[in-house]
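Let's work through a few exercises together. Have a look at the structure first, then try each task before reading its solution.

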Amino acid sequence: MDKLVVFNLGEGDFKQGFPVTLQVWEEGGFLTSFVGKLPASAIDSLYDKWQSDYRQKISGRMIPTPGRVSNYSDTDLTGNSHILKAELNNWLNSETFRPVRDKFLTTVKSKHTVRVIIQTENPQLRRLPWYLWDLFERYRFAEMALSSPTFERLEKSAQPKPKVRILAILGDSSPPDPQTGIRLDINADKQFLENLPDAETVFLVEPKRHEFNEQLWDERGWDILFFAGHSTSESDGTTGKIYINSKEYLTIDDLKPALHKAIQRGLQLAIFNSCDGLGIARDLAELQIPQIIAMREPVADLVAKEFLKYFLDSFSKGQHLYLAVREARERLHGLEKDFPCASWLPVICQNPAENPVTWQGLRGVEAGINWRDACLRTIPERGKLTSNSLVVNDGLNLKVDDVYVPLGLVERKHKPKPDKQTTPDKGSQLYAAKTPSKFQEAGENYVAETQYEVTKTFKNDEFFGEVLKQGKTDKSKGKRIAIIGEPGAGKTTLLQKIADWVLAETEFVPIWVSLADLGKFSLEDYLLKKWLKIALNVADVTAQMRQDLVTLFNNHQVWLLLDAADEMSADNPLDEIKSQLRGWIAEARVVLTCRYNVWDAGKNALAEFDVYRNLDFDEEEQIPQFIRSVFRQSDLGERLCQQLAKSENARLRDTVKNPLRLTLLCLAWHIRQGDFTTKTQADLYAQFTEAVYEWKREQFPTTSQQRRELNKALAALALRGMEEKESRFRLRQGWVREVLGEADEPLCELALQLGWINRVGVAAERPEEQVYAFYHPTFQEYFAALGVDDWGYFLRHVPDNPGLGIYRIFEKQWKQVILLWFGREDVEKEKKEEFMKALVEFQDGCYGAYQDQAYLLAAESLLEFKECNLTDKIVEQLVEYGFSDYDMSKALEKHSKMRSNAHAYASQINRYFDTIEVQAIKLLRMLDRKSVIYSITDFMVNNKNDWSTKAAQRFLTNL
């Protein structure tokens with residue numbers, strides 16, 4: 001949507017500063033206003049110095065001053081131009097003006113087409129090259145203009161014309177410097193005008209005053225007044241002269257009645273392709289002409305010709321007037337080696353009461369569809385994260401521009417390799433793209449089809465520059481891009497950033513289609529019938545509208561952004577998409593997002609696509625950056641970063657490498673105001689679980705009963721996987737079928753739709769059998785904990801015959817499940833106490849090795865079961881483990897009963913006790929502070945070993 005931004009500079013001077021009022025308008029009316037101040041500055045004297053050097057370099061189409069002597073060098077001009085630009089930015093970024101600048105930034109987005117008007121009568125302010133403000137480097141579709149503070153809109157009696165009527169005055173072309181003897185090449189200007197489409201141009205070559213005056217009174221009216229030749233303005237910028245022939249010059253005042261009438265009859269635009277035109281433009285603006293284009297300083301003949309060529313070519317093809325001027329002005333950069341600061345010269349003078357003129361509008365043709373505005377209407381919530389619905393009601397309204405952390409992408413090539421066992425604290429590797437070096441060891445009956453060779457990673461804006469802008473891809477040259485990833489990996493967020501990039505960095509139109517919205521429509525029917533209605537905000541779509549959209553595609557002006565192929569209702573979404581990317585739709589550049597399990601299932605359907613995927617956030621930089629962005633208004637972010645950095649939170653760190661899960665963590669942290677100490681991991685995952693349902697509730701709504709049934713089934717499936725000795729986190733299709741049914745049955749279909757389980761490959765020995773994985777292994781552990789009703793599932797001790805017992809408490813893969821079980825709120829406290837008592841009283845008959853392990857597990861379980869009645873007893877034992885000195889001779893004596901060479905095991909025994917000591921001290925730092933202090937104090941009072949007492953004392957001091 002177009003924005004009009006007005007900076008009104010009030011009365012002031014460069015010694016005292018200038019008051020400034022910012023006003024922002026958009027289609028539909030006034031938007032906002034803000035008041036600030038520009039401070040005192042020496043920029044006026046710097047401009048004078050630069051101007052003096054510049055005018056000694058350039059004479060161009062300006063009548064030279066007699067007797068002027070050149071005493072300058074290009075180095076002086078270049079240096080002074082850099083100084084002037086630096087001071088301009090210092091001035092506009094000053095502290096007193098910063099609030100105005102910040103208001104501009106928050107109100108106007110880089111994708112908007114922006115007309116920025118500097119409203120002032122001060123001649124020195126009008127001469128400044130405002131578009132050198134570094135703020136505008138981020139606004140590709142913005143251009144500056146000048147305006148008087150007083151203006152009005154005149155009533156006009158213009159009649160529609162089949163062609164644009166141009167009155168072209170080709171004035172004095174005598175040599176600007178008599179010593180060179182070279183005339184101005186005004187004939188080039190004439191040729192540019194003659195070649196304009198749909199234009200009727202009348203040329204007056206070095207006319208007399210009465211000839212010029214007479215043509216202005218033409219009853220048919222003029223659309224554009226053009227002048228080329230010599231001109232100049234007074235130093236104070238109050239008036240100017242145009243040299244219409246070698247003997248006569250005119251001021252605007254000389255033609256005032258005729259010009260006034262021409263404006264009433266439809267004169268919209270005056271172009272002075274001549275030197276030093278600000279005085280002329282100021283005089284003409286008083287007659288309320290809508291737009292003027294002039295040169296703020298003398299302009300070299302070649303620069304003037306090139307500007308006109310660039311501008312007319314762009315403007316006559318339908319480009320916005322402001323953007324046509326900006327494009328032409330920026331193209332002058334290529335001449336600045338020989339003509340320094342050429343791009344500083346062109347300037348628009350605008351009557352704010354008038355809308356910018358268009359080439360079509362000059363012909364009386366109704367303005368065509370603004371497709372860039374139309375595409376914005378189809379995605380009104382585009383700036384919000386897809387996970388925003390989870391947090392908006394809890395005070396964290398996340399937006400892409402606020403919290404987006406650029407994701408790395410990796411090009412993937414099919415290189416299946418057998419995978420090794422994955423542990424939960426590295427569970428994100430189940431979905432990670434990996435290099436071949438990590439797959440040299442075979443041994444698992446599993447082939448991970450989603451694991452592809454990493455050929456290149458893209459960080460920050462490299463993907464946008466290399467792939468999107470330059471088209472450096474192997475297959476499609478950037479015309480067919482697939483972005484794949486796990487649920488919540490940031491695919492839609494990245495696609496939103498691509499839409500913003502297309503709007504901000506190109507002149508193309510991003511057309512967004514959420515593929516779930518297609519329903520029974522084909523892509524073509526959806527675009528022509530449903531999308532157009534939404535985009536154009538009309539009740540009925542005309543044949544001309546449909547044809548205009550088709551033309552837009554055929555002219556290669558469209559980026560077609562297709563979101564979430566996995567949410568299509570088709571049996572094979574990728575085959576369906578392939579069949580519909582044909583005809584005029586195929587002329588668009590296409591970027592598609594898809595879950596990788598769906599992409600793998602139909603991986604050959606879109607073989608011409610270059611495939612990239614979202615990488616996980618890295619722990620060192622991107623996760624903290626994301627968190628700090630979310631909590632930028634409080635210290636909660638820093639506290640969460642510190643909490644995550646702790647070694648005991650390795651599992652959690654791995655879990656939240658996914659953007660959605662990191663968002664959920666931020667939500668939980670926000671709700672608890674930075675307090676995890678009173679909540680359990682199980683409670684955290686319970687909240688995560690509910691959040692996943694909420695995340696997908698619009699596409700896949702579920703009832704409370706459906707959620708309970710699915711959670712119960714997922715718990716059974718999770719336990720089935722955990723019971724396997726190998727590949728615990730990769731679930732065979734047969735197991736999934738046993739618990740959830742076939743893929744097209746309601747329970748399994750819902751689990752797949754919600755992303756609780758995803759297809760990640762095939763079994764090595766049976767390629768026809770698919771392999772699945774939970775959303776993340778930590779969720780499998782959580783659901784497994786939900787599936788255990790009786791703690792006897794973990795421990796059933798049979799002292800006389802251990803082979804008949806159950807001892808999962810000593811199997812490391814069950815530790816996290818046990819901890820989550822203790823943290824469940826739905827398990828009765830009595831059951832937890834029974835299990836804790838069984839751990840504490842466990843006797844192994846093996847000199848205490850397993851007993852120690854059971855005790856340490858009980859101690860760690862206190863982190864999840866804080867109200868345990870045995871807390872003090874367990875803490876006392878931890879203090880003994882951590883600080884008591886042990887008798888090596890007794891330990892060796894015990895071993896000698898079993899082994900004749902027990903002394904050879906002394907070093908092993910030492911290492912064992914050292915390990916127990918380290919684990920105990922680590923746990924003491926994490927457990928209830930009051931209980932720990934009491935137990936250590938009691939230990940120091942009763943302990944007789946000085947070393948142990950001092951060690952305990954040091955610990956207590958640092959606690």
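Predicted model: local features only at pLDDT ≥ 70, side-chain atom pairs only at ≥ 80, totals over all residues.

**Exercise 1.** Work out how the rings of Phe311 and Phe315 are arranged.

*Solution.* A search of the whole structure turns up 54 aromatic pairs. In this one, the ring centres of Phe311 and Phe315 are 5.3 Å apart and the planes sit at 10°. Planes under 30 degrees apart count as stacked, so Phe311 and Phe315 form a stacked pair.

**Exercise 2.** Now classify the pair Phe794 and Trp821.

*Solution.* Here the centres are 6.3 Å apart and the planes are at 75°, so the pair is edge-to-face. The pair links distant parts of the chain: Phe794 is in the loop between H29 and S24, Trp821 is in helix H30 (residues 815-823), and they are 27 residues apart. Phe794 is buried at 0% relative accessible area, and Trp821 counts as buried at 0% too. Both belong to a cluster linked by ring pairs, whose members include Trp791, Tyr793 and Phe865.

**Exercise 3.** Place Asp790 in the chain and decide how accessible it is.

*Solution.* Asp790 is in the loop between helix H29 (777-786) and strand S24 (795-796). Its relative accessibility is 48%, so Asp790 counts as partly exposed. Together with Asp789, Glu828, Glu830 and Glu834, Asp790 forms a negative surface patch.

Methods
Residues numbered from 1 in each chain as written. Heavy atoms only, no water. Patch = residues over 30% accessible without salt bridge, like charges linked within 9 Å, V, L, I, M, F, W, Y side chains within 5 Å. Areas by Shrake-Rupley, 256 points an atom, 1.4 Å probe, with all protein chains shown as cover. Salt bridge = Lys/Arg side-chain N within 4 Å of Asp/Glu carboxyl O. Lys, Arg positive; Asp, Glu negative; His and termini not counted. Charge placed at Lys NZ, Arg CZ, Asp CG, Glu CD. Helix = DSSP H or I, 4+ residues; strand = E, 2+ residues; numbered from the N terminus. Buried < 20%, exposed > 50% of the residue type's maximum accessible area, 1.4 Å probe, protein only. Phe/Tyr/Trp six-rings, centres within 6.5 Å; stacked < 30°, edge-to-face > 60°.
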